[in-house]
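Here is a short briefing on one protein model.

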Amino acid sequence: MNPYKLSYGEITKKAKAIRRKIVVLNANSPAGGHTGADLSQVEILASLYFRVLNCSPTDLKNPERDIYIQSKGHGAGGYYCCLAEAGYFPESWLATYQHADSKLPGHPVRQKTPGVELNTGALGHGLPVAVGLAIAAKKSGSQRKIYVLTGDGELGEGSNWEAAMAAAQYKLDNLIIINDKNNLQLAGYTKDILCTDPLDEKWKAFGMEVHECEGNNVRSIVETLENLKPNGKPHVVIANTIKGAGISFIQGKPEWHHRVPKGDEVELALEELKDE
């Protein structure tokens with residue numbers, strides 16, 4: 001069981017706190033960061049870690065824990081900020097992000113960071129591993145669920161669709177794929193680089209049960225995830241988000257894929273993220 005089980009309002013407050021951490025984390029990183037990707041996923045991560053996932057920072061080896069895989073590994077900064085907020089490691093570690101010998105490298109590494117289940121960042125690998133874990137859970141009689149968060153640009157990788165075929169073949173209704181659909185990727189708009197729309201129809205054609213939600217709205221995310229029912233099909237949740245969500249001068253701007261806030265931008269962002 002999730003140790004927090006927070007209300008929608010409480011999770012929304014956690015999301016704002018995570019955003020503040022992301023601003024400071026990336027501003028202090030010697031190697032930059034992926035601010036836009038970090039911010040788009042915040043409500044998804046907060047909803048998972050503070051209500052949905054059956055996992056706890058005090059029981060990291062529980063064989064029945066749910067597994068979360070951050071397939072969009074370049075969103076590591078936001079992932080770390082959520083894990084710190086949820087108590088998986090001391091918040092003081094955030095100041096070491098991407099520094100030499102840090103436990104928080106530029107992409108998730110399970111051998112370094114408590115709570116990280118899979119080394120990711122070579123895009124397209126998270127879902128295939130999640131499928132393998134879901135098959136293993138089925139074969140062993142485990143009730144655990146496997147959640148995986150993909151970027152929408154990442155879905156241009158063919159390995160995802162091979163994994164989808166296997167997931168449908170083996171009726172993996174313990175697998176929940178969440179697409180962070182923010183419509184932007186490294187070099188620009190996803191529709192201009194390699195368009196995946198109509199994304200819902202593609203997933204359905206591969207045998208998935210497809211749902212959509214407002215990916216920057218806690219209530220929409222939680223209600224969607226908590227209402228998924230086992231029916232012999234893998235689940236896909238298309239979470240429609242805004243890249244850089246929550247900060248007016250960052251959201252929806254392609255250049256913030258790699259940019260990090262500097263100077264006055266830090267104070268401006270933190271001012272926007274003040275508790276009301």
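Which backbone oxygen does the side chain of Arg110 reach? In this predicted model, that atom is the backbone oxygen of Glu117, at 3.1 Å.

**Arg110**
- Arg110 sits in the loop between α4 and α5.
- With a relative accessibility of 45%, Arg110 counts as partly exposed. The cut-offs are under 20% for buried and over 50% for exposed, so 45% falls in between.
- Beyond its neighbours within four places in sequence, Arg110 is in contact with Val116, Glu117, Leu118 and Asn119.
- His235 is 125 residues from Arg110 along the chain, and the C-alpha atoms of the two are separated by 25 Å.

**Ser40**
- Ser40 belongs to helix α2, which spans residues 35–40.
- Ser40 is buried, because its relative accessibility is 0%.
- The Ser40 side chain makes a polar contact with the side chain of Asn182, at 3.2 Å.
- Asn182 is also one of the residues in contact with Ser40 once neighbours within four places in sequence are left aside. Others on that list include Lys72, Asp180, Gly215 and Asn216. Thr241, Ile242, Lys243, Gly244 and Ala245 are on it too.

**Helices α5 and α6**
- Two packed helices are described by the angle between their axes and the distance between the axes.
- For α5 (residues 126–140) and α6 (residues 158–169), the angle is about 20 degrees and the axes are 8 Å apart.
- Angles under 35 degrees count as roughly parallel, so α5 and α6 are roughly parallel to each other.
- The crossing of α5 past α6 is left-handed.
- On the α5 side, Leu127, Pro128 and Val131 make the contact. On the α6 side, Ser159, Asn160, Ala163, Ala166 and Ala167 do.
- By type, the residues of this contact are six nonpolar, two polar and no charged.

**Helix α9**
- Which residues of α9 (residues 218–226) are buried? They are Val218, Ser220, Ile221, Val222, Thr224 and Leu225.
- These buried residues pack against helices α1 (8–27) and α3 (42–52). They also pack against strands β2 (146–151), β3 (175–181), β6 (209–214) and β7 (235–240).
- Asn217 caps the N-terminal end of α9. One of its side-chain oxygens lies 3.1 Å from the backbone nitrogen of Arg219.

**Backbone geometry in the loops**
- Asp197 and Pro198 are joined by a cis peptide bond, with omega about 0 degrees.
- Pro198 lies in the loop between α7 (190–194) and α8 (199–205).
- Asp101 is not a glycine, yet its phi is positive, about 65 degrees. Its place is the loop between α4 (76–85) and α5. With a relative accessible area of 79%, Asp101 is exposed.
- Asn183 is not a glycine either, and its phi is positive at about 70 degrees. Asn183 lies in the loop between β3 and β4 (184–185). Its relative accessible area is 36%, so Asn183 is partly exposed.

Terms used
Residues are numbered from 1 along each chain as its sequence is written. This is a predicted model: local features need pLDDT of at least 70, side-chain atom pairs count only at pLDDT 80 or more; totals for chains, interfaces and linings use all residues. Side-chain values use heavy atoms; hydrogens and water are left out. Helices (H or I, at least four residues) and strands (E, at least two) are DSSP runs, numbered from the N terminus. Buried means under 20% relative accessible area, exposed over 50%, partly exposed in between (1.4 Å probe, protein chains only). A polar contact is a pair of N or O atoms within 3.5 Å; within protein, one must be able to donate a hydrogen and the other to accept it, and residues adjacent in sequence count only if both atoms are side-chain atoms. Contact means heavy atoms within 4.5 Å. Axes are lines fitted to C-alpha atoms, for helices over the stretch in contact, and angles run from 0 to 180 degrees between N-to-C directions. Angles under 35 degrees count as roughly parallel, over 145 as roughly antiparallel, 65 to 115 as roughly perpendicular and the rest as oblique. A crossing is left-handed if the near helix is turned anticlockwise from the far one by less than a right angle, and right-handed if clockwise. Ala, Val, Leu, Ile, Met, Phe, Trp, Tyr, Cys and Pro count as nonpolar, Asp, Glu, Lys and Arg as charged, and the others, Gly among them, as polar.
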